[in-house]
Structures are given as structure tokens and as C-alpha cells.
2 protein chains.
Amino acid sequence: MADPQSPTAQPSTAQRRPRERMVYSAAQLIRARGVTATGVRDVVEHASAPRGSFQHYFPGGKDQLVGEAVEWAGDFAARWVASYRETADAPSPDGLFAHVVQPWKDEFASRGYERGCPVMATAADLAGGESAVNPPLRRALARWEGAVVDELVGMGVPADRARSLAVLMISALEGAIMWSRVNRETAPLDIVVAELAPLLRAAGRAGDPPRPD
Amino acid sequence: MADPQSPTAQPSTAQRRPRERMVYSAAQLIRARGVTATGVRDVVEHASAPRGSFQHYFPGGKDQLVGEAVEWAGDFAARWVASYRETADAPSPDGLFAHVVQPWKDEFASRGYERGCPVMATAADLAGGESAVNPPLRRALARWEGAVVDELVGMGVPADRARSLAVLMISALEGAIMWSRVNRETAPLDIVVAELAPLLRAAGRAGDPPRPD
């Protein structure tokens, strides 16, 4: 898998093998139109994969494919979160949140509003039932959350608070992604970043070691 | 339509006429399983409506039905927001947010995690494309937002800030609903209420008239 420059980057399909391409294509189609509207045939076609290969790679059928797609998305999101420490001179919780939101602003500004978050799309269609996709969906969200918690704890935020802030940050982002797509504007993303900045900054300062007078 | 005691209350179907029942049923099925998985036949059956009546009431087909369902949901949410002022002795932005979140806690605790938000479910399946449902979806979200803005402005929050806070509150709620359903726990709802309370309280105090010394 290509090193993620952005969670919404698109490595060329030729770089990946059919199995990886199908997982990637499933994630892209799901986040555009939902799980139910994403057929296995659409995925095989989008991935330019050999028609007969699907059953070979995914004996568990569509549930297996969707589960792997959502876990791929969760891992991708987690890696993007973890990349913050390499880019920030003075890491802070508010800087982390801006970093997490930025690729969504870039995606919408450059590529339009077709595609949202695969985790949200999967949850909207499946979380209410007893789908076999629900355990991978939980793992995907947990990994994304865990990556945010790790960064915050690394900044000195106590673990319990870090968990709460991770839930707040990811929840606000998910809602703002939805809002941006509905209204075809990036303003909701800017708003949640701006509104949460003081709260997040204060949480980071509380983790600072006491300064000598 | 029954006066909403809660946005998730269920007036008995006998209280409403077939057309209203179909709109209500569509909203309930959509928020459980998404738009794509909700067939017109499912709605007619859920609503106990005469089979031939669908075409009569909804000549625009499924798009018309889904559009009306999501607008019904937006109106329902807006009325619930507006009911806050009648229940609060000392209205505050943080109290308003707790009021907006409470029915979701009640729904999940008492009825399980089957059903999420119809606005999010519709956005996840349709907002990426050019569906005829998108204009009603935008109106639904705008009315919900407008109701929150009205309450906040009534508390003295400046209009621009009120709009930002409405986006933040509804976004955080939507993400927390998703998270609660994925993990089958209400903790994310409690977390966003607790984390946003100081920020919202401060925004309300900023709107207070200056006190005489």
C-alpha cells in the first residue's frame, strides 16, 4: 500500500494487486454511495480486477470485502493521525485536529463532494442490524480513536481525557463531513476546527509540565 | 401529527392517515438501514397502508417519499429544539445541547441501537450524487440548524457565533450517534455533552448583559 500522503490520496491502481485494488475500490464506492448500493460487480469493475477473482480472494463474499474495506479505511485514518508528529514543530491537540480535518477540506475543494467517510457510510447502512461487518466496523473506529488517543497522550493529556477528546474530535469531524456534503461547502469543517481550538488548546496546556517561575 | 414529546417518540399508527404513516415509516426504516435498502414495498407494509395508495400519494415515487421523510425528520428535530425554552428554567446553550442529545440517550437505552438519524442515513447514501432528495435533505438540515440558532440568539448569543455553535452541536451529535450505534453504548453521547458544556456555557455568558458592579 502506498505511504499515505493524505487519507484521501489515490495511489495509481497499477501499483496494487487485484485483491488490494478491490478493497480500495470498495472503500471508495462505499463512501460515495453507501454499502447497499455498492455491488460486488461494481467493485470488480472499478478495480479492473479479473471477474472470477472475487470469489477466490473473498470467500466470505460481500461482507468480507466490506469489512476489509472499512478496516482499511480505519487503518488509513490511524496512519494519517500518527503522521502528525512528523509534520508538527510544536504538537498540540488543536494542531492535531486541524491536521485530521485538512485532507477532507482538500478533497472537497479539489475533487468535489462525491465521497464521504467509509466508516460513517458503513455505519449508516449496517450498524443498526446484526451484520457480519459490524465487528470490523468497530475495529476500524477503535483504531482511528486509538491513534488520536496515542497522539494526545504523547502531548501529556491524561488518558481518560484523551479518550473523551478523541470521541469529540472524530464525532465533530464526521458530522461536519456529512454537513459539508449536504451543503456542498467546506465551511462546516472550518467551523468545527475553529470552535474546538480553544478547548483543545487548553487541554494541551493542562498537560504541560509546570514551568519554573 | 402528534405533538412530539420526543423526536424519537412513536405515536400509534392508528392516529395518522395512510399518507402520514408512509412518511413516518419511511423515516423509521431509513434511519435503521439506509435509503437504498428501504424499498417502497417495505414502507407500505410498515405503514399498514393500502398497497395501491403509494402511487396516489407519491406520484414522484421513492424520491418524493424519501424527501418528505427527511424533511419530516428535520421538522421533528427543529420542534424538539424549540421545546427547550418551555422546559428550561434558566436556558443556557449547554442546557440546550443536553436537551437535544437526551432523546437519543433515551432511545438507545430503551429501544436499542437499531435506529440512527434519518438525516445522516440519507446523506450517507445520497449526498454524494445528484439525487432529487438532496434539496429536501438540505432543507431538513437547515431547519434543524435554524432552530438551534434561534434558541441561541434568544439567549443573547450573536447570530454568527450561534450559527457556528449550531454546526458544532449538530455535527458532534451526529458523529456521537454513529459512534454509539457502532459500539452499542451511549457513552459517546455523554462525552460530547460533557466536553462541549464549558465551551457552550462560556458562549452563553458572553451573551449576558453586563452586570452592575
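**Helix 9 and the helices of chain B**

Student: What distance does helix 9 of chain A reach from its first C-alpha to its last?

Tutor: This is a predicted model, in which local features need pLDDT of at least 70 and side-chain atom pairs 80 or more, while totals for chains, interfaces and linings use all residues. Residues are numbered from 1 along each chain as written, with chains lettered from A and ligands numbered from 1 in written order. Helix 9 of chain A (residues 159-183) has 25 residues, helices being DSSP runs of H or I with at least four residues, numbered from the N terminus. At 1.5 Å a residue (times one less than the number of residues) the expected span is 36 Å, and the helix comes close to this, reaching 36 Å.

Student: How many residues of helix 9 of chain A are buried?

Tutor: Buried means that 20 or more other C-beta atoms, placed from the backbone, lie within 10 Å of the residue's own. Helix 9 of chain A is largely enclosed by the rest of the structure, because the buried residues among its 25 number 20.

Student: Which helix of chain B gives the most to the side that touches chain A?

Tutor: The contact (C-beta atoms within 7 Å) takes 41 residues from chain B and 41 residues from chain A. On the side of chain B, helices 1, 7, 8, 9 and 10 each supply at least two residues. With 16 residues, the one that gives the most is helix 9 of chain B.

Student: Which residues of helix 7 of chain B make the contact with helix 1 of chain B?

Tutor: Helix 1 of chain B contributes B:Ala27, B:Ile30 and B:Arg31. From helix 7 of chain B, the residues are B:Pro118, B:Ala121 and B:Thr122.

Conventions: Two residues are in contact if their C-beta atoms, placed from the backbone, lie within 7 Å. A residue is buried if 20 or more other C-beta atoms lie within 10 Å of its own, exposed if 12 or fewer, and partly exposed in between; C-beta atoms are placed from the backbone.
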